[in-house]
Amino acid sequence: MKSDNYITAHPTLPKFDYVKPSSLREASQLLTEHSGEARPLLGGTDIFVRMRDGDWEDKYLIDVKAIDGLNDISYDSTLGLTIGAAVNMNRVSDFPQVRESYPVLVEAIESVASYQLRTRATIVGNICNASPAGDTIGVCMLLDGVLNVFSDSEIRQEPLKDFFQGPGETNLQPGDIVTSLQLPVPPNGMIGKYFKLGRNNASDLSIVGITAIGYPDPELVSGFRIKLALASVAPVPLEVTEVETLLGNAPITSQLIEEASQTAMDACTPIDDVRASARYRKLMVKNLSRKVLTDVFSTLNDR
Amino acid sequence: MAHHRIQLTVNDELEQVDVPSNMTLLAMLREKLTLTGTKNGCSTGECGACTVLINGEPVNSCMILAVECNGAQVTTVEGLPQDGKLDPIQDALIEAGGVQCGFCIPGVLISSRALLDRNPNPTEEEIRLALVGNLCRCTGYVRIIEAVKQAART
């Protein structure tokens, strides 16, 4: 299969059956029946690449985009943002309340591939694919995002903080279908930043991705709660909770930010791969955490 | 493998096509409808040579199944000219000398048309961001960007 793909002028997809159920129950049944040889299809921007490469050999792709509710995006002043699983990234970043209240999510989305790929790619797909490099995952984790998952006729909730088990591995079981992502209303005065280090400014996968959010919190010694998440430097998208503690418990100085950046570097466990060496990644985590944390803190402090 | 009979509008013409599950929109356009303006480059959604409009939005046609386009409105580079006249972005690219080997151009035209439809007066930064997903290995992009600016003025 693999060698065929390399020599044909039109690399074709391997054979599979496309099925488009109209209800969650039907889709879930199909996925359970064909466990191990079927997967849900959203934008396909990862699936088709993996299938062409011969990495994935599913016999069934279950297109869940026609299911009621999966195409909806809405904002509620108590519930926050609900992003249906099938809502593509461009629709999310164009949504007025997202631009207004979650600008760091817009920043993360706009760092993903290209505009035309984001017409297909989805946030929920990015999360379920569970790549440590997923650009939009860090911000969703830091914002306490929760997935709504359908299985056995009921919806359960999966907080993102405990969702990832390894590269491509999550708490999802065969037959589970994520219907939406819920992002709570952001805290007042929240500032966020996503910094992506790649070979070029756009379109590439990250070598290191740094997400930070911060907001005033009078209960803390420093007066600010600042959280940090890292991409591409561990088997899973990684929140470094020690940074939040460190920057909460003492007045924030450049020395303390330096210490927090060192903590981030110590917390990550990158590998050598085609994009960069582990050693380079570690150093970049320290340098870029310093940069991003300084940015977020000075913006908060200057207001 | 399952086959599907789909109906879609391609460049304002209603088409009925039989497609296997694993046929991409790109393969269907080129091989079933012989619309070979749309090019196959990388087959991984990176180069943008296969970009077409689906319901007005640009998509890499190598990254979407034909069967997913049932009921959709598709526009390829062949559908850009109206009433026998080239689209302003086509005229501008010719005038600016933005075409060398030409392989990326169908995708560049589609992405540019989509940009101008959603933002008639883009800044240079916005033009560059809109064309991030269209790789050109000849021109160095300068004249392509000039052409989009030019088309925005017309």
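What distance separates the centres of domain 1 of chain B and domain 2 of chain B, taken over C-alpha atoms? In this predicted model, the separation of the two centres is 21 Å. The domain assignment places domain 1 of chain B at residues 3-79 and domain 2 of chain B at residues 88-153.

**Between the domains of chain B**

The contact between the two domains involves 14 residues of domain 1 of chain B and twelve residues of domain 2 of chain B. On the domain 1 side, strand S3 (51-54) and strand S4 (57-60) of chain B each provide at least two of the residues that touch domain 2 of chain B. S3(B) gives the most to this side, with three residues. By class, the side of domain 1 of chain B that touches domain 2 of chain B holds seven nonpolar, five polar and two charged residues.

**Between the chains**

Chain B also meets chain A: 26 residues of chain B are in contact with 24 residues of chain A. At least two residues of the chain B side come from S4 of chain B, and at least two from helix H4 (124-130) of chain B. S4(B) supplies the largest share of the side that touches chain A, four residues. The class make-up of both sides described here is set out below.

| Domain 1 of chain B, touching domain 2 of chain B | seven residues | five residues | two residues |

Key:
Residues numbered from 1 in each chain as written. Chains lettered and ligands numbered in written order. Predicted model: local features only at pLDDT ≥ 70, side-chain atom pairs only at ≥ 80, totals over all residues. Domains from an automatic or database assignment. Contact = placed C-beta atoms within 7 Å. Nonpolar A, V, L, I, M, F, W, Y, C, P; charged D, E, K, R; others polar.
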